Amino acid sequence: MITALAAAEAAPGFLSPAGVEIAFVLVGIATLGAALVTVTTRQLVHAALWLIVALGGLAVEYLLLTAEFIAWVQVLIYVGSVVVLLLFGLMLTRAPIGRSPDADSENRLPALAVAVASAGALVWVVVDAFRTTWIELDGPAQGSTEVTGAFLFRNWVLPFEALSVLLLAALVGAIVLSRKGGRADVTPPREDKR
């Protein structure tokens, strides 16, 4: 009885966080703040730049969870590709750089209600789905490259390829929309009169 009490006192409890948990919470707060600024700013380019901060914060969270492969995929695909594609789309469609009155809507309260309802439904579904799921600690790490790669390339190859085609279509659409207003003023080359 005494040895069990001594072992329980020596082991860190649930409410005594280590440095990783504190860093996780601080990075999570910064990421949440960047995400809120992303959706509330009225400047499109600033929204894209704050999106980089939010997605980078998620990559740091994955690193703190020892899922290095997922963290680098987050950096390469989302921060490196999707945000760059978004910025190129903004530049090609000649979106306004400063404040955009079109980016503001009078539907803030309905949007907030839908966001809170969606977040509540998502939390309920995730908690309900994983209530009885346990992580096996004896097997390979769940965030390791081997396990994640095997899972992705067995089950999720088609959605990844569909996403790449969708991103390509978005880029082509941005180019078409930027050219639709009129042809660029290109002066024909001079002919040499010799």
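Is arginine 131 buried or exposed? At 54% relative accessibility, arginine 131 counts as exposed (exposed means over 50% relative accessible area, buried under 20%, and partly exposed in between, with a 1.4 Å probe and protein chains only).

## Basis of the model

This is a predicted model, in which local features need pLDDT of at least 70 and side-chain atom pairs count only at pLDDT 80 or more, while totals for chains, interfaces and linings use all residues. Residues are numbered from 1 along each chain as its sequence is written, and side-chain values use heavy atoms, with hydrogens and water left out.

## Overall fold

The chain has seven helices and zero strands, and its pattern along the sequence is α-α-α-α-α-α-α. Helices (H or I, at least four residues) and strands (E, at least two) are DSSP runs, numbered from the N terminus.

Of the 194 residues in the chain, 14% are buried. Contact means heavy atoms within 4.5 Å. Among the contacts in the chain with a separation of 6 or more, 67% are between residues 24 or more positions apart.

## Helices α3 and α4

Helix α3 covers residues 44-64 and helix α4 covers residues 68-92; the two pack at an angle of about 175 degrees, with their axes 8 Å apart. Axes are lines fitted to C-alpha atoms, for helices over the stretch in contact, and angles run from 0 to 180 degrees between N-to-C directions. The two helices are therefore roughly antiparallel to each other (over 145 degrees; under 35 counts as roughly parallel, 65 to 115 as roughly perpendicular and the rest as oblique). On the α3 side the contact includes Leu44, Leu51, Leu55 and Tyr62, and on the α4 side it includes Ile70, Tyr78, Val83 and Leu90. The residues of this contact divide into 19 nonpolar, two polar and one charged. Here Ala, Val, Leu, Ile, Met, Phe, Trp, Tyr, Cys and Pro count as nonpolar, Asp, Glu, Lys and Arg as charged, and the others, Gly among them, as polar.

The 25 residues of α4 should span 36 Å at 1.5 Å a residue, and the end C-alpha atoms of α4 are 34 Å apart, which agrees. The expected span is 1.5 Å times one less than the number of residues in the helix. The buried residues of α4 are Ala71, Gln74, Val79, Val83, Leu85, Gly89 and Leu90.

## Loop and helix end

Threonine 66 lies in the loop between α3 and α4. Its phi is positive, at about 60 degrees, although threonine 66 is not a glycine. With a relative accessible area of 51%, threonine 66 is exposed. After α4 comes arginine 94, whose phi is also positive, near 55 degrees.

## Residues brought together

Valine 27 lies in helix α2 (residues 19-40) and is partly exposed at 21% relative accessibility. Leaving aside neighbours within four places in sequence, valine 27 is in contact with Gly57, Val60, Glu61 and Leu64. Valine 27 and glutamate 61 are 34 residues apart along the chain, and their C-alpha atoms are separated by 7.0 Å.

Threonine 145 lies in helix α6 (residues 145-155) and is partly exposed, with a relative accessible area of 49%. Its C-alpha atom is separated by 5.5 Å from that of phenylalanine 69, 76 residues apart along the chain.

## Salt bridge

A salt bridge is a side-chain nitrogen of Lys or Arg within 4 Å of a carboxyl oxygen of Asp or Glu. By this rule the count is one. The side chains of aspartate 128 and arginine 131 meet in a salt bridge at 3.9 Å, N to O. Aspartate 128 is partly exposed, with a relative accessible area of 41%.
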